[in-house]
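I am keeping these notes while going through a structure residue by residue. The entries follow the order in which I looked things up.

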Amino acid sequence: TPFQVITTHHHDVLCTQPLNTTELAPYTQEEADTPIFLHVRDATNQGCRKAMIRTVDSDVVVLAVAAVPQLNIDELWIAFGTGKSFRYLPAHHMSNALGPDRYTALPFLHAFSGCDTVSCFGGRGKRTVWDIWKAYDEVTPALTTHDERFVILLYDRTSSEEDVNVARKQLFAQKGRPMDGLPPTKAALKEHTRRAAYQAGHVWATMFVREPILPSPAEWGWLQTDNGGWKVKWTELPEASHACRQLLRCGCKKGCSAKCKCVKAALPCTALCLCHSICDRE
């Protein structure tokens, strides 16, 4: 059998040997990861029973594990990593070991805990997320229906709270957690969850669709910029420096200098500042 090389060119597919590419092109998927699985499915439809994907991207590994049950394939291997960390990962075994509930939830969990287009939780890496997922079986359905509980467990495994804002207050006021050790506010978590749902539920979920029709990111935690691009919508809440301005102060006693915290932040002094009676920056 002649050796076959298949490659993409813009939205088309080029082959070294004659091949029916109606299942591959034209395609309009914007991500580089998802078209991989169009090719895997096309190969399996033509009788291929084993396949291997070479990648250094963990997103591809996650998608492969989730994709196995949708492919008519015996083995799907991932040649993953570089150097001493290189390994062969059996996506088919990983998918079977997780079971339907978990391999279905895996793409959302991966996006929710941080991927190329979704931010991660401060100080909470993939290992922590995985440990919580393994230790608390009840959080698997909660990933899409009550993500607050999952996030609370990421920051406090002993908490019984269901409301992330209440948990934030307890961690700060009763357990002395610093601000960077608190979970996000409910408003910020809402936008974060939307971005994760958009990535996993729309972009990745259409990996087998040549020309997917995706909803506008504007409804999923993104804001359109003046030049037509997109930027993250972090929260509906006002900036802390505006919402809690009365709690900010500097310690200048003889008037503000270039080292003053208010000056550096380009903020006016308040009644709490020691220089309030003499400062002309009010």
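How many disulfides does the structure hold? I began there, with the reminder that this is a predicted model. The count came back as zero.

**Entry: cysteines**

I then checked the cysteine sulfurs. For Cys252, the closest cysteine sulfur belongs to Cys260 and lies 3.6 Å away, which is too far for a bond. The cut-off I applied is a pair of cysteine sulfur atoms within 2.5 Å. Cys269 is likewise in no disulfide, and its nearest cysteine sulfur, in Cys256, sits 3.4 Å away. I also looked up the accessibility of two of these residues. Cys252 is buried, because its relative accessibility is 14% and the limit for buried is under 20%. Cys269 is buried as well, at 6%.

I asked which residues of helix 6 are buried. The list runs Asp147, Glu148, Arg149, Phe150, Val151, Ile152, Leu153, Leu154 and Tyr155. That is nine of nine, so I noted helix 6 as largely enclosed by the rest of the structure.

From there I moved to Ser159, in the loop that connects helix 6 (147–155) to helix 7 (164–173). Is Ser159 buried or exposed? I noted it as buried, because its relative accessibility is 8%.

**Entry: helix 1**

Next I took helix 1 (35–45). Its buried residues are Pro35, Phe37, Leu38, Val40, Asp42 and Thr44. They pack against strand 3 (50–55), helix 2 (58–67) and strand 4 (75–80).

Ile36 is also in helix 1, but I recorded it as partly exposed because its relative accessible area is 25%. Not counting residues up to four places away in sequence, Ile36 touches Ile53 and Val60.

**Entry: backbone geometry**

I went through the backbone angles with one rule in mind. Most residues other than glycine have a negative phi, and most peptide bonds are trans.

Where is there a cis peptide bond? I found one joining Ala25 and Pro26, with omega about -5°. Pro26 is in the loop between strand 2 (12–15) and helix 1.

His10 has a positive phi, near 60°, and is not a glycine. I placed His10 in the loop between strand 1 (6–9) and strand 2. I marked His10 as exposed because its relative accessible area is 67%, where exposed means over 50%.

Gly47, which follows helix 1, also has a positive phi, near 110°.

**Entry: surface patch**

Last, I looked for nonpolar side chains grouped on the surface. Which residues form a nonpolar patch there? I found Met52, Phe86 and Tyr88, with about 320 Å² of accessible area together. Tyr88 belongs to strand 5 (residues 87–90). I put Tyr88 down as partly exposed, because its relative accessibility is 49%.

Methods. Residues numbered from 1 in each chain as written. Predicted model: local features only at pLDDT ≥ 70, side-chain atom pairs only at ≥ 80, totals over all residues. Heavy atoms only, no water. Helix = DSSP H or I, 4+ residues; strand = E, 2+ residues; numbered from the N terminus. Buried < 20%, exposed > 50% of the residue type's maximum accessible area, 1.4 Å probe, protein only. Patch = residues over 30% accessible without salt bridge, like charges linked within 9 Å, V, L, I, M, F, W, Y side chains within 5 Å. Areas by Shrake-Rupley, 256 points an atom, 1.4 Å probe, with all protein chains shown as cover. Salt bridge = Lys/Arg side-chain N within 4 Å of Asp/Glu carboxyl O. Contact = heavy atoms within 4.5 Å.
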